[in-house]
Amino acid sequence: MVRDASRLVITEIENFRTTPRHSPCSSVDDYEPIPGDAPVRQLFAVENAAAELANGRPALVFHPAEGLWRLFAGHGWQIERETTILQPVPWTKGHLTAHVAEVRGYANSLPDPLGNPLVTEAERIAADTGDAEVGRIYSVAMGLPE
């Protein structure tokens, strides 16, 4: 997952513009934001809360494809295509357990009264969810006009 994603995307745009290439095109793969009522989204919200408390930044950022189109278009790029890579996205028990481990890691740097409830909630959500299939991974291809 991308940390501080907006700054990363802008940096990549500027790097791409200044690096000589034979073909000025690129693509970005990302997750669409997961529906708010999905348990996986709730787990990610707990992970983001723990990360925000621990270091002042969210752990996970998902961008709608349309938002990337607008961002890149604002920097002169032309969107060539959007492709769905995977829909729905399978979130296995192993994936969810890895996200609970991330919550634990952030919680370790917090006072117990803050960190422990976040870990407990993450564990509860993951246990209640088991496996889930929700969301979409997409790819947006774009290029700079010649």
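Which residues of strand 5 are buried on one side, and which on the other? I found Ile137, Ser139, Ala141 and Gly143 on one side and Tyr138, Val140 and Met142 on the other, all buried, with both faces covered. Buried here means under 20% relative accessible area, exposed means over 50% and partly exposed is in between, with a 1.4 Å probe and protein chains only.

Before going on, some housekeeping. I'm working with a predicted model, where local features need pLDDT of at least 70 and side-chain atom pairs count only at pLDDT 80 or more, while totals for chains, interfaces and linings use all residues. Residues are numbered from 1 along each chain as its sequence is written, and side-chain values use heavy atoms, leaving out hydrogens and water. Helices (H or I, at least four residues) and strands (E, at least two) are DSSP runs numbered from the N terminus.

**Strand partners.** Next I checked what pairs with strand 5; a pair needs at least two bridges found by DSSP. Strand 1 (residues 25-31) runs antiparallel to strand 5, joined by 7 bridges. Within that pairing, Tyr31 has Ile137 as its bridge partner. Strand 2 (residues 78-86) is also antiparallel to strand 5, with 7 bridges between them. There I noted Gln78 opposite Gly143.

**Cores.** I looked up the nonpolar cores, meaning sets of buried Ala, Val, Leu, Ile, Met, Phe, Trp, Tyr and Cys residues joined through side-chain atoms within 4.5 Å. The largest has 28 residues, and Ile34, Val40, Phe44, Trp91 and Val103 have the most contacts inside it. Helix 2, helix 4 (93-107) and helix 5 (112-129) each give two or more residues to this core. Helix 2 supplies the largest share, 6 residues. Apart from this core I found another, of 9 residues, including Val28, Trp77, Met142 and Leu144.

Setting aside neighbours within four places in sequence, Phe44 touches Ile34, Leu60, Phe62, Trp91 and His99.

Is Asn48 buried or exposed? Asn48 counts as buried because its relative accessibility is 19%. This residue sits in helix 2, and beyond four places in sequence Asn48 contacts Pro58, Ala59 and Leu60. Arg57 lies in the loop between helix 2 (39-55) and helix 3 (65-74). Its relative accessible area is 39%, so I logged Arg57 as partly exposed. Not counting residues up to four places away, Arg57 touches Ala51 and Glu52.

Note on methods
Contact = heavy atoms within 4.5 Å.
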